[in-house]
Structures are given as structure tokens and as C-alpha cells.
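Let's take a walk through this protein together. Have a look at the model first, then read on.

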Amino acid sequence: MSEREVFEYALLRVVPRVERGECFNAGVLVYCRAKSFVAARTYLDENKLKALDPHADVVGVRAALRAVEGVCDGGDAAGQAACDDAGRRFRWLIAPRSTVVQPSAVHSGLTADPEAEVERLLDLLVR
């Protein structure tokens with residue numbers, strides 16, 4: 001059995017109308033320092049989005065969620081963050097912000113497989 005390592009995670013919440021504060025989970029960010037791993041997976045429930053704001057910009061919300069995934073993946077999609085290590089990219093993504101896509105508080109756990117943890121948390125907390 002593989003040794004379990006500490007990981008941190010945050011949810012990505014969609015807040016269609018920031019002034020109202022209503023939100024729903026649309027993704028998860030996972031960071032494991034020991035494995036230099038950072039990843040995000042997203043799932044946008046358009047029905048929830050439209051229920052909170054019938055005039056929401058679905059294309060814009062999808063683009064914001066994809067941008068988070070891109071920063072985690074690195075490369076050209078990460079823009080200026082492409083040269084940053086996994087921890088720095090995670091810390092930048094979890095910084096509080098007042099936008100339509102916002103990170104939750106950070107939580108932690110133990111895992112032997114951070115990649116599988118991303119999918120498990122997405123299924124458990126988002127879908």
C-alpha cells in the first residue's frame with residue numbers, strides 16, 4: 001500500500017450575483033505538496049446557475065472555471081503562473097476574491113493518490 005500524504009483542497013463556488021451571496025459548488029482544487037501535485041476539476045450545473053440568476057453568463061462562468069483548470073495544468077493555459085510551482089499556483093487560486101467563481105475555505109486530508117482524490121471530491125461535493 002502506498003504511503004498516504006497530506007493534501008489540501010478547496011471548492012470552487014459559483015456566485016452568480018455577488019451582492020446576494022447565493023452560491024453552489026462547481027469544482028474542486030486539490031494540492032499535495034509531497035507529490036508537487038495541483039489539479040482542478042469542474043462541473044457546471046446550468047440549471048442551478050439559471051435558478052439563481054436567469055440572466056447569468058453561462059459562457060463566461062464556463063470560461064472562468066476552465067481558466068482555473070488551466071492554471072493548475074500549467075503550460076500556455078496558465079499564463080504568467082506557468083512558471084510557478086504547484087504550491088504557488090494553488091495559493092494564488094485559493095486567495096479570496098469577489099468574483100462569480102470563488103474558492104471556499106481550505107480543508108485537508110490524507111491520500112495515497114491525489115489524482116483519484118480530485119475525482120472523488122468532485123463526485124462527492126459537486127456533482
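## The largest pocket

To find a pocket, a 1 Å grid is laid over the protein atoms alone: a pocket is an open set of points where a 1.4 Å probe fits, with protein on both sides within 12 Å along at least five of seven lines. Points are joined across faces, edges and corners, and the volume is the space filled by probe spheres set on them. The largest pocket here comes out at about 170 Å³.

Its lining (residues with an atom within 4 Å of a point) has 13 residues, with Ala64, Val68, Leu93, Arg97 and Val101 nearest the centre. Helix 2 (58-73), helix 3 (86-94) and strand 4 (101-103) each give two or more residues, and helix 2 supplies the largest share, four. Helices (H or I, at least four residues) and strands (E, at least two) are DSSP runs, numbered from the N terminus.

## Helix 4

Helix 4 covers residues 114-125.

## Ser104

Ser104 sits in the loop between strand 4 and strand 5. Buried or exposed? Ser104 is buried, because its relative accessible area is 7%. Beyond neighbours within four places in sequence, Ser104 is in contact (heavy atoms within 4.5 Å) with Ala10, Leu11 and Arg13.

## About the model

This is a predicted model, where local features need pLDDT of at least 70, side-chain atom pairs count only at pLDDT 80 or more, and totals for chains, interfaces and linings use all residues. Residues are numbered from 1 along each chain as its sequence is written, and side-chain values use heavy atoms, leaving out hydrogens and water.

Key:
Expected span 1.5 Å × (residues − 1). Buried < 20%, exposed > 50% of the residue type's maximum accessible area, 1.4 Å probe, protein only.
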